[in-house]
Amino acid sequence: MSAPGAAPASYVLGPVDQVPLGEGRAFAVDGQQVAVFRLRDGTVRALAAVCPHRGGPIADGTIDRQQVICPLHQHAFELTSGCSTTGAGPLQAYRVSVDGEQNLVLEAGGV
């Protein structure tokens, strides 16, 4: 998403309320699909939106405070690192935050 050595680009994805508590939504960011999750405690996390196993829609997965489970074949990924806990390849993890205007802001450089 950004050139090596360049400062990471930031993308405003819109109001945080478009992602319901306890769910995820997919966003197109600079030609990539990114899944943004809003945990029940209000924190936000972001991972690549496509499961490396068979292309499952990660944003539609079941989440808890620590992981998301792909809805197709039940592979689990840590929400902070993107590492699989079930043997699938890892997902790219991204820094995401909520700004003072309650917008989701994604840093394209990853974690």
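Biologist: What should I know about the model and the numbering?
Modeller: The model is predicted, so local features need pLDDT of at least 70 and side-chain atom pairs count only at pLDDT 80 or more, while totals for chains, interfaces and linings use all residues. Residues are numbered from 1 along each chain as its sequence is written, and side-chain values use heavy atoms, with hydrogens and water left out.

Biologist: Where is D30?
Modeller: D30 sits in the loop between strand 2 (23-29) and strand 3 (32-38). Strands are DSSP runs of E, at least two residues, numbered from the N terminus.

Biologist: What is the phi of D30?
Modeller: Near 50°, a positive value in a residue other than glycine. Most residues other than glycine have a negative phi.

Biologist: What about the phi of Q102?
Modeller: Q102 has a positive phi too, near 65°. Q102 lies in the loop between strand 8 (93-98) and strand 9 (103-107), and is partly exposed with 46% relative accessibility.

Biologist: New topic. Is H75 buried or exposed?
Modeller: H75 is buried, because its relative accessible area is 14%. The loop that holds H75 runs between strand 6 (67-69) and strand 7 (76-78).

Biologist: Which residues does H75 touch?
Modeller: Leaving out residues up to four places away in sequence, H75 touches H53, V68, I69, C70, T86 and A88. Contact means heavy atoms within 4.5 Å.

Methods. Helix = DSSP H or I, 4+ residues; strand = E, 2+ residues; numbered from the N terminus. Buried < 20%, exposed > 50% of the residue type's maximum accessible area, 1.4 Å probe, protein only.
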